[in-house]
Amino acid sequence: MSENIKLEIKHICKQTGARYGLLHTKHGTVEVPIFMPVGTLANVKTLTPEELKEMGAGIILANTYHLTLRPGEDIVQKAGGLHKFMNYDGPILTDSGGFQVFSLAKMRSISEEGVKFRNHLNGDELFFTPENVIEIQEKLGADIIMSFDECVPYPATHDYVKDSVERTLRWAKRGKDVHKNECALFGIVQGGEFEDLRRHCAEELVKMNFEGYSIGGTSIGEPKDVCFKMIDISVPYLPKDKPRYLMGVGSLDYILEGIARGIDMFDCVLPTRIARHGSLFSSTGRINIRRAEYKDDFRPIDENCDCYTCKNYTRAYLRHLYVANEALGQRLMSIHNLRFILKIVEGARIAIQEDRFGDYKDEILRKFGDERGF
């Protein structure tokens with residue numbers, strides 16, 4: 001285990017096998033399982049670090065691809081790294097930019113050396129390699145960084161995925177060879193929905209002895225049962241004493257089913273993105289604050305919520321801010337949605353320690369299942 005990160009498993013739920021533990025990093029210890037708010041451009045949109053800490057956020061994410069474009073990794077390094085640049089003294093994770101290269105970048109060309117692509121902002125030609133992606137992340141200075149991988153589209157043929165997995169493994173080895181061990185480096189398990197390829201990818205990455213392991217290639221349009229299958233066929237081949245991270249997952253059903261399958265870490269832009277569009281979580285179902293029925297509704301978003309927004313503001317006021325296009329509304333609604341998700345995961349950690357996570361999961365999904373739009 002790296003001196004920069006250590007997973008301490010404290011309890012395994014007797015009902016489900018879900019894990020509760022402590023993840024020790026250079027910038028503090030967090031409880032897992034954990035949901036990590038996404039701060040793409042070195043900020044969780046509209047929110048301050050103080051607000052994130054107050055709502056119980058631990059690790060937050062930043063994005064290598066976007067920060068390379070703006071302001072550039074050299075500027076961040078000159079500022080003293082991401083922690084000083086964005087004034088966040090807790091743990092930070094950066095992804096490799098692989099997903100953005102394959103989802104946003106224009107006119108990409110994949111070769112053994114790396115990926116050539118066009119900047120989606122101005123069309124400039126860029127080239128990401130397994131080596132320079134690690135070097136960029138080390139300049140950014142996050143606590144946890146990701147290997148560069150190919151994000152396989154869904155659906156894809158077995159032959160395509162097989163070739164992609166082999167390339168991802170070669171890229172993982174090249175990235176690890178240049179890693180200076182200043183940040184904890186995770187390998188990313190790919191393989192689509194194919195059990196033999198997921199197993200092969202996981203086993204080969206474990207041989208390379210990464211400090212943690214991510215499950216990639218999920219939440220890219222595949223059916224829910226396929227996503228769960230991808231988790232089920234990956235987890236058994238990952239070390240029990242190292243963190244497991246399911247990338248890009250943010251709805252309650254996916255988070256809770258992931259926890260039940262032994263996942264420790266989750267992230268997604270979902271809570272803040274939908275908040276900025278007036279969509280709010282509540283214990284009675286999702287609320288669309290744009291609706292006229294909330295014009296004179298002077299209740300909080302959720303009377304059971306302990307967030308700053310629900311303690312101080314009404315649905316009527318939030319609707320007014322949204323309709324008037326006031327930035328404060330986006331902030332207040334983002335605070336609520338993030339706190340709502342974080343509180344559910346806090347409850348999951350308690351339930352694991354009390355050996356009742358299965359009951360907890362079923363109860364939450366009955367209340368907030370797909371029919372409620374979560």
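**Exercises on a helix and a sheet**

Helix H10 is followed by Gly-262, whose phi is positive, near 95 degrees. Helices (H or I, at least four residues) and strands (E, at least two) are DSSP runs, numbered from the N terminus. The model is predicted, so local features need pLDDT of at least 70 and side-chain atom pairs count only at pLDDT 80 or more, while totals for chains, interfaces and linings use all residues. Residues are numbered from 1 along each chain as its sequence is written, and side-chain values use heavy atoms, without hydrogens and water.

**Exercise 1.** Find out whether the residues of helix H10 are buried or exposed.

*Solution.* Start with the cut-offs: buried means under 20% relative accessible area, exposed over 50%, partly exposed in between (1.4 Å probe, protein chains only). Next, go along the helix: the buried residues include Leu-252, Tyr-254 and Glu-257. Nine of the nine residues in 252-260 are buried, so H10 is largely enclosed by the rest of the structure. Finally, look at the neighbours: among the elements that these buried residues pack against are strand E4 (34-37) and helix H14 (327-353), with contact meaning heavy atoms within 4.5 Å.

**Exercise 2.** Work out which strands stand at the edges of the three-stranded sheet.

*Solution.* First read the order: this open sheet runs E1-E2-E3, with antiparallel pairing. Strands E1 (5-12) and E3 (28-32) each have a single partner strand, so one side of each lacks a neighbour in the sheet. From one strand to the next, the twist averages 20 degrees. Then check a pair: seven bridges join E1 to E2 (residues 19-25), where two strands pair if DSSP finds at least two bridges between them.

Conventions:
Axes fitted to C-alpha atoms, helices over the stretch in contact; angles between N-to-C directions.
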